[in-house]
Amino acid sequence: MSKGRDLKPHIGIFGRRNNGKSSLINLMTGQEVAIVSEEAGTTTDPVKKSIEIFGIGPAIIVDTAGIDDSGELGEKRVKKTYDAIKTIDCAILVIAKNEFGFYEKELIKKFCDYSIPYFIVHNKSDLQPLEQLTRENIATFSKAEVIDFSVANHTQTDTLVELLKKTIPETSFQKPSLLGGIIEPNGVVLLVTPIDSEAPDGRMILPQVMAIRDVLDNDNICIVLKETHLKQYFEQHKPEPQLVITDSQAFEFVNSIVPAHVPLTSFSIVFARLRGDFDHYIQGTPTLSELNDGDKILILESCSHQVSCEDIGRHKLPKWITEFSGKKLDFDVVAGLSDIPEITNYRMVIQCGGCVVTRKQLINRLRPAVNANIPVSNYGMTIAWINGIFDRVIEPFKNKINS
Ligand code: SF4
């Protein structure tokens, strides 16, 4: 299941069948979003619905199948429920009838594996209130807050929303700035955007559009130009830009023109700070100089259809890395959120800019590699390394905070 272009915070609802997850969602959204039935196991694939939460704004509720489902189909549904954990920002674990055991503990372990904040709702309290013994049982395993709740009586809805607001990470609903902390107000930022055969017809790509808006939001003059006008700009125009951001593929050419004292980076690297695992990319990129014959490299692209970076991920990067290393290498490309092959088979992982996913989603995508100490990099940093300008293009981010 993909977040696709839904960059709003995602709230997953988890629990056993017939604990009232779908009814809880209908209460929160004020709509019949989920199929509600007395028959256990009505929800199959995770179902998403936009809601508006006061104090948070738009969010996406993700309704999942019961975690205690069984049989061949049931196991598939449970797998999809676990997969959904990687795509959410916060979780509500719905229990009922004072049952807290194996299924809940397995879910909580997964939440912890993926650093998902959560709280617990003991639902159907009108039928059976939460007992002190259950509270104590939960407390031995989890520090999460627990509320006694009844969808049937609509009691404590305000408490539920307040708890949700407290639990959901601020970073998942605040709009962080691409360039915040890197540029000062009232300067000039140059965006170098080659318009070649790979550029989409009649429009700019998303990272370029976002960068233009962010330059303006940071009270700067934004100048957008093709690389063919870069020399002319530096010869004829003042003031000098405080930052130049280019398409990574034009690094070699742009680096040869932008004076050494003018900070230079790329759209992909700017995005890596916002959406990627920036520090691990910096640590992992030098591995490109340590590759050996037979090494396998995994290339991860975050969008699965209309991939703007298809050519670079599938053709150019493998070609450039092979030429740079002089080694015989194997490359695998995995697009979207498809399952990634056994990660320990790879010498390193190279992730695209991830312009269509959230930071949380991208971090969780890279987590198996990071946990297995497999170096990770991104497209921009990889191209910079190959061109010998890695230090220059990460310099603008040194000792800077991401505001
Ligand atoms: S950077 Fe990644 S997510 Fe963005 S267009 Fe390219 S492949 Fe898709």
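Which residues does Arg 365 touch, not counting residues up to four places away in sequence? The legends below reach the answer in the last view.

This is a predicted model, in which local features need pLDDT of at least 70, side-chain atom pairs count only at pLDDT 80 or more, and totals for chains, interfaces and linings use all residues. Residues are numbered from 1 along each chain as its sequence is written, and side-chain values use heavy atoms, with hydrogens and water left out.

**View 1. The whole protein has 14 helices and 14 strands.** Helices (H or I, at least four residues) and strands (E, at least two) are DSSP runs, numbered from the N terminus. The protein has 403 residues, and 51% of them count as buried. Buried means under 20% relative accessible area, exposed over 50%, and partly exposed in between, with a 1.4 Å probe and protein chains only.

**View 2. Four strands form an open, parallel sheet.** Their order is β12-β11-β13-β14. The edge strands, β12 (330–335) and β14 (376–378), each pair on one side only. From one strand to the next, the twist averages 25°. Two strands pair if DSSP finds at least two bridges between them. Strand β13 (residues 348–351) joins β14 over 3 bridges, in the parallel sense. Look for Ile 350: its bridge partner in β14 is Ser 377. Strands of a sheet pair through backbone hydrogen bonds, either parallel or antiparallel.

**View 3. Helix α3 spans residues 102–113.** Its 12 residues reach 16 Å from first C-alpha to last. That is close to the 16 Å expected at 1.5 Å a residue; the expected span is 1.5 Å times one less than the number of residues. Glu 104, Leu 107, Ile 108 and Phe 111 are buried in α3. They sit on the same side of α3 because they cover an arc of only 100° around the axis. The arc is that of the directions from the helix axis to the C-beta atoms. The buried residues of α3 pack against β1 (10–15), α2 (71–85), β4 (90–96) and β5 (118–123). After α3 comes Ser 115, with a positive phi near 50°.

**View 4. Helix α12 (residues 359–371) lies across β11 (296–301), β12, β13 and β14.** The helix runs at about 170° to β13. Axes are lines fitted to C-alpha atoms, for helices over the stretch in contact, and angles run from 0 to 180 degrees between N-to-C directions. Arg 365 has its place in α12. Arg 365 is buried, because its relative accessible area is 15%. Arg 365 touches Leu 300, Val 334, Gly 336, Leu 337, Ser 338, Ile 340 and Gln 351, leaving aside residues up to four places away in sequence. Contact means heavy atoms within 4.5 Å.
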